[in-house]
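This briefing is for a reader new to the structure.

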Amino acid sequence: MAMEIENKRDTRIEYRFDRNNELKTTITERYRRDITPELIDESQKTIYLVEYGTIQEYFGLIYILEKQLIVLQSDILDMNEQAYSVMKNNMDKYNLFYDEFHNSPENEIRGGKKIKTEERSKYRRILMLYQEKYTNKTFEILDKKKMGTLQNSLIDDLLLNPIKPVEIKMVEVEYDVGFFRVNTYDKRTGFFVTDEKSIKVINIKRFMNGDRLKLRKNFNNDIVDEDEFLELNSLKVRTLVGSVVESKKQGLVQIKSIQTIFGEFEYKTENSTLIGKKVIFLAHNSTEIEVVRVLGNTWVYEDEVDAIFEHFGQNYYKNKHLNVDVSEEVSERTYQIRKNESIFSGIQNSGLIDLTDKLICSIDPPGCVDVDDALHLEEFDDFYEIGVHIADVTHYIKEGSEIDRDAFYRATTIYFPELRIDMIPPKLSTEICSLREDKTSRAFSVIFKVKKETYEIDNVAYTKSIIKNKRAFTYEEATKVVYEGEEDEFKWSLTRMLEFTEHLKTKRIENGALLLNKGDGSEKVYHLKSLIEEMMLLANINVARKIFEYNKGYSILRKHPKPSKIAIEGYGMEGIETGPEINEFLKENKGNLYLGALMTRNLQQAYYFASGTETDYSHFGIGCDIYTHFTSPIRRYADILVHRTLADVVKFDQENQGCCLLNMENKIVRNKELLRRIDHYSGIINEESCRWINHRNIAAKRASFMANELFIAYNLNEYKAKEYVGVIAAVNDTVMVYVPDHEIEAVLIKKNRTEYKMYDTIKVQFIGDFSNWCVDRVFKLNEVS
């Protein structure tokens, strides 16, 4: 029997001021209806409907009583910015009841009886709705008094640490908005950073790293005191992980964030068992926090790994991947191009092309199982055919599928020492999609027609393909083939590719590309790594041009902004800002092993964006006018979006092959399906999705860096027996040393001199132990005589 839902119209008049400061009225109509209560986790036996004042003061309840709370929509809409943001970003942790649109008549009749007066409060009335549906569960209203009876030590601590609601004050003067960045060497100082400038901040007491602040316009000093800021521009609650240690103050503990830029916090507790634990806590500001979960023990390696995942929001790391049920069989009609036949013979737009007869190989680090790129080079009369073949992940992951949604949520594969958290199920990443040796695989191929005499690119073909990886080389194996091996087909083709990629690299450097990457291992191995890098860059650049040509509004691109002038301390220069200037500076000072890392920190981070949201698409570091990511769809979701866009473009080209329309714009207008797809991308490739992918990528990068530090600390006894070259990185109250072999910074404890200068080179040894590092997150060194 169909359920009849009665809608009741509610008319409201809203008042607002327009940009001319004139009062305007808006009449809105909202429909109220009976809504059936639902629970996101029906295994819970006791459910609490939390009151407005309680949830606004104790945000941590939604974490501690995860999936046991009911929160009213009307209460969330009335919350301050901080509370509203927390509730909005954690909707999977509580049951939301949409009472804002619920039909709540004054004289409600239920079961033929009028509800008693004392039961007609908003909360009791809604509890009755849940109790009627879920008769086997207990429902209660949660207020401060009830919190104290739950016999939960974390909730008892919340009551000792209430959060005061904060509202942002209105500022009547003109101001600039920027981010506050803590100085990692001296946390009492930092920098106020806007698009135009960076100002040193001193006497830090209240603000935290990442806060958005207001500073009056036209502030011209080079240094600003914290008290001179007008106000926070927005409120933020951070979810952090830290170590609980004893405090000298009675009734308090100290919680040290595993990300040292956030420092230490004091917390009231009567639970002494928290000491020595790793905990998740919410930081509302520099003094107010809430501990919401105990993760494990400090000093236990596995718990320390968990702490990193949780700190950077990768809380899916223990989730099982979804089941994969796909067939690897090729059912489409294919056109085979054999060895000694070129794809540029006029049939490049013939659909799925069989390239299994071509001499295709891959080059990867040892132990690589998620092989997502392979190459081939073949010689013809006056040109080389050079192919970049990328795993065709989108053939197996359909848009909007459960696996696709999960891949978007993860956004990237995370790499830790001895651990990898895949973006897509391992069945796909390491078996079905991976371009393994001697396996017939689906690929998306970008194939270049290159003039033999000049290495100029004459044509580019894009096609879905079937390939067979004839040889999966490691970098060391490929190096031996090129420089030491006997003459064979692989040596010949790899040698020609090396020559071609040296030409590509030279052109990029002439266009301003940066040379920041150092070679790991021998120079010859570095040449092979450079070969792969250049071929991937070439494919990415050409794919970016192709998809943007057809889809100028909703192509996902990658940008690296040009920096403002960079002044390196101790070199007495006004500042450098172009690629050639930076390369020349590093070349002239190549004896300074710290400069490469220091220069990288002074550059802005690259990021993804939807093409219609910006006008400058250039990538400063690579030295090109447009760029995207196409070559790693197994491990990056942005590449999956690019593959889907390119597939639509290739299909369009195939359907319009030989079309004699005046220009490409007219062709697109004629192709309604492509227009529909381009419009479809507006809901997929936009500012919101790019912001999410950028957030996930930055978090994965930071988590990987911290995991590498954890691995070094865990194996510290092995490293303590060795001597290392160190470079003085900072001279303040403490002397910081950069250790190039591990790419980390450490505090110099034992010194052999009274004065140190920036960039001095010294010999050092690690001291300390794993347990101390797990709390302080600081490496310590002694200078060796």
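The buried residues of helix 9 pack against strand 26 (419-421), helix 10, helix 16 (637-655) and helix 19. This is a predicted model, in which local features need pLDDT of at least 70 and side-chain atom pairs count only at pLDDT 80 or more, while totals for chains, interfaces and linings use all residues. Residues are numbered from 1 along each chain as its sequence is written, and side-chain values use heavy atoms, with hydrogens and water left out.

**Helix 9**
- Helix 9 spans residues 402-410, and its buried residues are Ile403, Asp404, Ala407 and Arg410 (buried means under 20% relative accessible area, with a 1.4 Å probe and protein chains only).
- These buried residues line one face of the helix, because they fall within an arc of 125° seen down its axis (the arc is that of the directions from the helix axis to the C-beta atoms).

**Nonpolar cores**
- The largest nonpolar core has 84 residues, of which Leu61, Leu69, Leu142, Ile255, Phe281, Ile308 and Phe779 touch the most other members (a core joins buried Ala, Val, Leu, Ile, Met, Phe, Trp, Tyr and Cys residues through side-chain atoms within 4.5 Å).
- Helix 19 (residues 687-714) gives the most to this core, with eight residues.
- Another core, of 78 residues, lies apart from it and includes Cys361, Ile424, Val450 and Tyr455.

**Serine 434**
- Serine 434 sits in the loop between helix 10 (426-432) and strand 27 (440-451).
- Serine 434 counts as buried because its relative accessibility is 0%.
- Its side chain reaches the backbone nitrogen of valine 371 at 3.0 Å.

Key. Helix = DSSP H or I, 4+ residues; strand = E, 2+ residues; numbered from the N terminus. Buried < 20%, exposed > 50% of the residue type's maximum accessible area, 1.4 Å probe, protein only. Polar contact = N/O pair within 3.5 Å; in protein donor to acceptor, adjacent residues only side chain to side chain. Contact = heavy atoms within 4.5 Å.
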